[in-house]
Amino acid sequence: MKAIVVARPGGPEVIEYVERPDPIPGPGQVLVAVAVAGVNFMDMGVRQGKFWDEFAYPRPLGVEGAGRVLEVGSDVSHFVPGQRVAWVYAPGSYADKVLIPAAALVPLPDGIDDRTAAALMMQGLTASHFATDFYPVQAGDIALVHAAAGGLGLLLTQIIKMRGGTVIGRVSSADKVAATKEAGADYVIVDVDGQFAEEAIRLSGGEGVHVVYDGSGPATFEGSLDALRVSGTFAWYGPVLGGPGALEITSLPKSIKLGYAVYGHHVRTPQLLRAHAAKLFEWVLSGQLRVRISAEYGLEDAAAAHTAMESRTTIGKLLLIP
């Protein structure tokens with residue numbers, strides 16, 4: 001089988017395209033032929049050596065994808081060879097074959113193609129968690145969404161709008177405004193220096209926003225605090241870009257609620273994983289949720305995909321095609 005690994009921590013130059021033995025499914029495991037793998041910021045962190053210390057080098061890459069079942073191990077009753085499936089977390093998904101616990105798979109309905117599924121799983125389930133679980137958006141709520149033109153930001157904006165919320169999207173350049181508005185954002189702030197809070201407060205009628213979704217790292221942390229109204233909620237995510245450092249809890253302003261929003265808590269059982277994934281598929285099939293794919297790369301070009309993602313110039317999702 002062909003796979004992408006990293007030889008050591010570093011930049012895109014440490015990515016290697018290698019041949020590995022085909023894995024054999026054991027009890028409770030499924031061998032899947034990968035049709036499409038999703039590229040995520042988490043993959044950057046793995047490449048940089050920030051995560052997955054339990055894996056020796058050369059270390060695998062990728063967690064998300066869609067494909068077709070090749071073989072099943074013993075004790076697997078829900079999946080059969082030839083069945084189309086998708087997954088949100090299976091280390092080593094940058095490959096043409098991957099071994100996955102059956103509990104981590106979801107069946108794909110006929111109306112959802114492989115590219116859409118692979119572009120939807122990680123960012124769609126994360127957006128679902130943010131807007132329906134971590135902070136259940138209510139009609140009339142005003143949300144500030146950072147990186148609003150990214151794959152996650154576009155999906156999050158649409159889910160907030162479905163729930164009756166107002167979205168203020170923050171983007172890093174003017175060429176991302178149109179895509180953000182197309183996803184439903186009511187207002188878009190173009191900002192690269194972290195000077196967005198005053199405008200977000202103005203756009204929210206002078207009170208500040210009800211919730212901020214911020215995965216942009218330490219550069220935006222203080223501004224996000226400032227943009228919140230009294231008793232607002234700060235949903236922080238995205239450890240790849242770094243955290244805000246030590247916090248004195250008594251210094252937090254305006255009785256805000258601050259938390260680290262982790263998508264895994266949204267899908268902590270196979271039943272929740274399949275239920276929330278099915279809801280995403282339902283939204284796509286009904287036309288309520290649109291998935292935007294920015295670019296596709298061959299598996300062997302994974303380094304180029306990482307370079308593009310780190311440039312922060314892409315709009316929507318990046319995919320790898322084995």
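## Packing of helices α2 and α3

The structure described here is a predicted model. In this model, helix α2 (residues 114-134) packs against helix α3 (residues 151-162) at an angle of about 45°, and α2 and α3 are therefore oblique to each other. The axes of α2 and α3 are 9 Å apart, and the crossing of α2 and α3 is right-handed.

On the α2 side, the contact is made by Leu120, Gln123, Gly124, Thr126, Ala127, Ser128, Phe130, Ala131 and Thr132. On the α3 side, these meet Gly151, Leu152, Leu155, Leu156, Ile159 and Ile160. Sorted by class, the contact of α2 with α3 has 9 nonpolar and 6 polar residues, and no charged ones.

## The parallel sheet

Six strands form an open sheet with parallel pairing, in the order β11-β10-β9-β12-β13-β14. The edges are held by β11 (187-190) and β14 (257-260). Each of these two has a single partner strand, so one side of each is left without a neighbour in the sheet. From one strand to the next, the twist averages 15°.

Helix α2 lies across β12 (209-214), β13 (228-236) and β14. Relative to β13, α2 runs at about 145°.

## The antiparallel sheet

An open sheet of 3 strands has the order β2-β1-β4, and its pairing is antiparallel. Here β2 (15-19) and β4 (59-60) stand at the edges. Each has a single partner strand, so one side of β2 and one side of β4 are left without a neighbour in the sheet.

Strand β1 (residues 2-6) and β4 run antiparallel and are joined by 2 bridges. Valine 6 has arginine 59, in β4, as its bridge partner.

## Threonine 180

Helix α4 (residues 177-182) contains threonine 180. Is this residue, threonine 180, buried or exposed? Its relative accessible area is 0%. The cut-off for buried is under 20%, so threonine 180 is buried.

Leaving aside residues up to four places away in sequence, threonine 180 touches Ala148, Ala149, Leu154, Gly169, Val171, Ala185 and Val188.

Key
Residues are numbered from 1 along each chain as its sequence is written. This is a predicted model: local features need pLDDT of at least 70, side-chain atom pairs count only at pLDDT 80 or more; totals for chains, interfaces and linings use all residues. Side-chain values use heavy atoms; hydrogens and water are left out. Axes are lines fitted to C-alpha atoms, for helices over the stretch in contact, and angles run from 0 to 180 degrees between N-to-C directions. Helices (H or I, at least four residues) and strands (E, at least two) are DSSP runs, numbered from the N terminus. Angles under 35 degrees count as roughly parallel, over 145 as roughly antiparallel, 65 to 115 as roughly perpendicular and the rest as oblique. A crossing is left-handed if the near helix is turned anticlockwise from the far one by less than a right angle, and right-handed if clockwise. Contact means heavy atoms within 4.5 Å. Ala, Val, Leu, Ile, Met, Phe, Trp, Tyr, Cys and Pro count as nonpolar, Asp, Glu, Lys and Arg as charged, and the others, Gly among them, as polar. Two strands pair if DSSP finds at least two bridges between them. Buried means under 20% relative accessible area, exposed over 50%, partly exposed in between (1.4 Å probe, protein chains only).
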